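Please keep the sequence and the structure in view while reading.

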Amino acid sequence: MRILSVVGARPQFVKLAPIAKAMEGRAEHVIVHTGQHYDELMSDVFFQDLGIPAPDYNLGVGSGKHGEQTGAMLAGLEKVFEESHPDVVLVYGDTNSTLAAALAAVKIHIPVAHLEAGLRSFNRRMPEEHNRVLTDHASDLLLSPTQVGMDHLATEGLAARSIMVGDVMTDVLYSVRDQLAAQSQPLPDGVTAGNYYVCTIHRPDNTDDPARLQAIVDSLGALSKPVLLLAHPRLRVLAESHGIDLNSGSLQLSEPLAYPQLVNAVANSAGVVTDSGGLQKEAFLLRVPCTTIRPETEWVETVELGWNVLVNDDLSLLAGAVERPVPAPTDDAAPYGDGHAAQRTVDALLETFAR
Ligand code: UD1
């Protein structure tokens, strides 16, 4: 059986790693990179560090407005699908690459499976929310990471196509954590264990309005420990165009980290401040307190279990949230699975789509 994975953005490379491994010897796996993320630190290092086979195709689509970017992917993917005749196209998460791949495949009658199905923020300002909803409704098999995701799919009438497999990000995080335990890694320059925060900010609602971004930067700069700001390229570009200094106060501007270095930096930090989806969960799995600069989260379990606090409109609450007392890591709640989600995903693909 031939399974074709489409990835394009950083979080998708992380999810692809355990899937590619679980696919070995069980199915033919074709990997297509749309080229949505193209910087070495946003793309290549993930393939190298996580042992992912080089993509069979790279469309080199790059950056652009939503329509331009998604449209270029649609046209490119259709050609690749016609050429490689997969039995199923596997799409990951909620980016423009996800939606383009789902749409390109269903229009030419190739079945689609969606990994990380059922997540909802119910925030219609987020491009990712539209990508999720549209991809779920177009797909033939919905592979959900959590019970909450399964419930959302059932509410939308999609229960018959849904199955819970767990979260593949747990698989990869646990395996990298175990490697780090066996061979420790140096911390990023200028920080000492337990005495810094790890921070990422890249969502349009936080970066595009200069006043909003300045307020966030000011609040981060006023924190009492160094804040390692792992700057996504879109943050750098926008800060520069708004004339905002990302190196002020406690902020310590840094390049994005490769995955093992990121896990190491989070595990040794006093906390995480972010608007990323993946990082909220990584912090939770490592039992590091997280503060999320967003009005809501798809990963509600992290909040319910006390490891994540949301701060949005009133940034004067940020310092209190970030510097809150750390809960004792005594709970063994595992809402994101047991680290074997990729195996279950491949089982489900083979059972559902084998000819
Ligand atoms: C995308 C995803 C988002 C995900 C994020 C992870 C969509 C709609 N959004 O957002 O869900 O959380 O990736 O990182 O798909 N850029 C570079 N080099 C790169 C990549 C991006 O310079 O390698 C810059 C470009 O200026 C580009 C901007 O970042 O215009 C935005 O990139 P894009 O892929 O459109 O969206 P992200 O913000 O990365």
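## Where helix 3 packs

The buried residues of helix 3 are in contact with strand 1 (2-7), strand 2 (28-33), strand 3 (57-58), strand 4 (88-92) and helix 4 (96-107), where contact means heavy atoms within 4.5 Å. Helices (H or I, at least four residues) and strands (E, at least two) are DSSP runs, numbered from the N terminus. This is a predicted model, in which local features need pLDDT of at least 70 and side-chain atom pairs count only at pLDDT 80 or more, while totals for chains, interfaces and linings use all residues. Residues are numbered from 1 along each chain as its sequence is written, and side-chain values use heavy atoms, with hydrogens and water left out.

The residues buried in helix 3 are Gln 69, Thr 70, Met 73, Gly 76, Leu 77, Val 80, Phe 81 and Ser 84. They lie on the same side of helix 3 because they cover an arc of only 140° around the axis, the arc being that of the directions from the helix axis to the C-beta atoms. The face turned away from this buried side carries the exposed residues Gly 67, Glu 68 and Lys 79. Here buried means under 20% relative accessible area, exposed over 50%, and partly exposed in between (1.4 Å probe, protein chains only).

## The cysteines

With a disulfide defined as a pair of cysteine sulfur atoms within 2.5 Å, the count is zero. The sulfur of Cys 199 has its closest cysteine sulfur in Cys 290, 9.9 Å away, which is too far for a bond. Cys 199 is buried, at 0% relative accessible area, and Cys 290 is also buried, at 0% relative accessibility.
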